[in-house]
Amino acid sequence: MCTHTHTHTGRDMTGAAGYITGQQLTVIPRSAWKAVDVQTRERLHEPADKLIIHHTALWSCWSPTQSVAQLIHIQQAHIHERSFTDIGYNFLVDQAGVVYEGRGWGIVGAHAKTHNHTSVGVAFMGNFNDESPSLQALSSLCALIQHGLAKGYLQPNFVILGHRDVADTQCPGEKLYSSLHTLKTLINHTS
Ligand SMILES: [Zn+2]
C-alpha cells in the first residue's frame, strides 16, 4: 500500500461527484469536466503491462479551474488538430494531486505509438522540464496504480516507463522523468 496519506484540500469541484477508490483517491469523471462524449471506445484485450508517464507540456495546474480549462483544451486539440477520437490519455493528474478521467481504465488510448494497445497513459498536467512534480501528484498516481492493480486493469508485473523510454521525445520532462525512480521505489515497497 502507498505510504503517503492524502490530505485532500481544495478538490471539491462544484457539484462534481468523483468516485473514491480503496486508497481514498478521488477520480474526477469525464462528466464533471464536461468532456465531449465519444461514441467509439476500443477496449484493451488484456490488462495493461505498462504504465506510460507523460506531461502535457502546458501550464501548471494547482486548482480545478486551471485543470478543467486544460482538460477541455487538450481534448479539443486532440480531436481537432490530431484527429484522435478523444483526449489521448487514460488519466491526467494535476499538481494538487487530483486525478481526472481521460479515456479511463481498460480503453485503448492515443499517447504512445505502438504501445497504445498494451498500456495505460497518464499525463501530469504542466511542463516538467523545469517544474518538479508535487508529492501530492506522485502520491495520487501511486494510489491510482494500487487501484488499477487491485481491479486487474494492470498486470501484476507491469512496468512504469516515461514516454521518452519508448519514443524520440523529451516527454515527460526531465524533472518528472527523474522522479519516476522515487515512484518505482514507492510501488516496489508497497505492492
Ligand atoms: Zn508523452
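Modeller: Begin with what kind of model it is. This one is predicted, with local features requiring pLDDT of at least 70 and side-chain atom pairs counted only at pLDDT 80 or more, while totals for chains, interfaces and linings use all residues. Residues are numbered from 1 along each chain as its sequence is written.

Biologist: What pLDDT does the protein average?

Modeller: pLDDT is the predictor's confidence in each residue, from 0 to 100. The average here is 88, and 86% of the residues score at least 70. Over residues 4-17 pLDDT stays under 50. Where pLDDT is low, the predicted coordinates should not be read in detail.

Biologist: Which strands pair with β6?

Modeller: Strands (E, at least two residues) and helices (H or I, at least four) are DSSP runs, numbered from the N terminus. Two strands pair if DSSP finds at least two bridges between them. Strand β3 (residues 48-55) pairs with β6 in the parallel sense over six bridges. Strand β4 also runs parallel to β6, joined by three bridges. Val122 of β6 is the bridge partner of Ile53, and Val122 is also the bridge partner of Phe91.

Biologist: Why is β6 described as largely enclosed?

Modeller: A residue is buried if 20 or more other C-beta atoms lie within 10 Å of its own, exposed if 12 or fewer, and partly exposed in between, with C-beta atoms placed from the backbone. Six of the six residues of β6 are buried, so the rest of the structure largely encloses this strand. Ser119, Gly121 and Ala123 are buried on one side, and Val120, Val122 and Phe124 on the other.

Biologist: How do I read helix α1, and which of its residues are buried?

Modeller: Start with length. The expected span of a helix is 1.5 Å times one less than its number of residues. Helix α1 (residues 64-80) has 17 residues and reaches 24 Å from its first C-alpha to its last, close to the 24 Å expected. Its buried residues are Pro64, Ser67, Val68, Gln70, Leu71 and Gln75. They fall within an arc of 160° seen down the axis, so they line one face of α1; the arc is that of the directions from the helix axis to the C-beta atoms. Thr65, Gln76 and His80 are exposed on the other side of α1. The cover over the buried residues of α1 includes β4 (91-93) and β5.

Biologist: Which residues touch the most other members of the largest nonpolar core?

Modeller: In soluble globular proteins, nonpolar side chains tend to be buried together. A nonpolar core is a set of buried Ala, Val, Leu, Ile, Met, Phe, Trp, Tyr and Cys residues joined through C-beta atoms within 7 Å. The largest one here has 38 residues, of which Leu51, Val93, Val99 and Val122 touch the most other members. Helix α2 (residues 135-150) gives the largest share of this core, seven residues.

Biologist: Is Thr118 buried, exposed or partly exposed, and what is Thr118 in contact with?

Modeller: Two residues are in contact if their C-beta atoms, placed from the backbone, lie within 7 Å. Thr118 sits in the loop between β5 (99-101) and β6 (119-124). It is partly exposed, because 18 other C-beta atoms lie within 10 Å. Leaving aside neighbours within four places in sequence, Thr118 is in contact with Ala48, Asp49 and Lys50. Thr118 and Ala48 are 70 residues apart in sequence, yet 4.9 Å apart from C-alpha to C-alpha.

Biologist: Where does Leu161 lie?

Modeller: Leu161 is in strand β7 (residues 154-162). Not counting residues up to four places away in sequence, Leu161 touches Lys50, Ile52, Ile53 and Val166.
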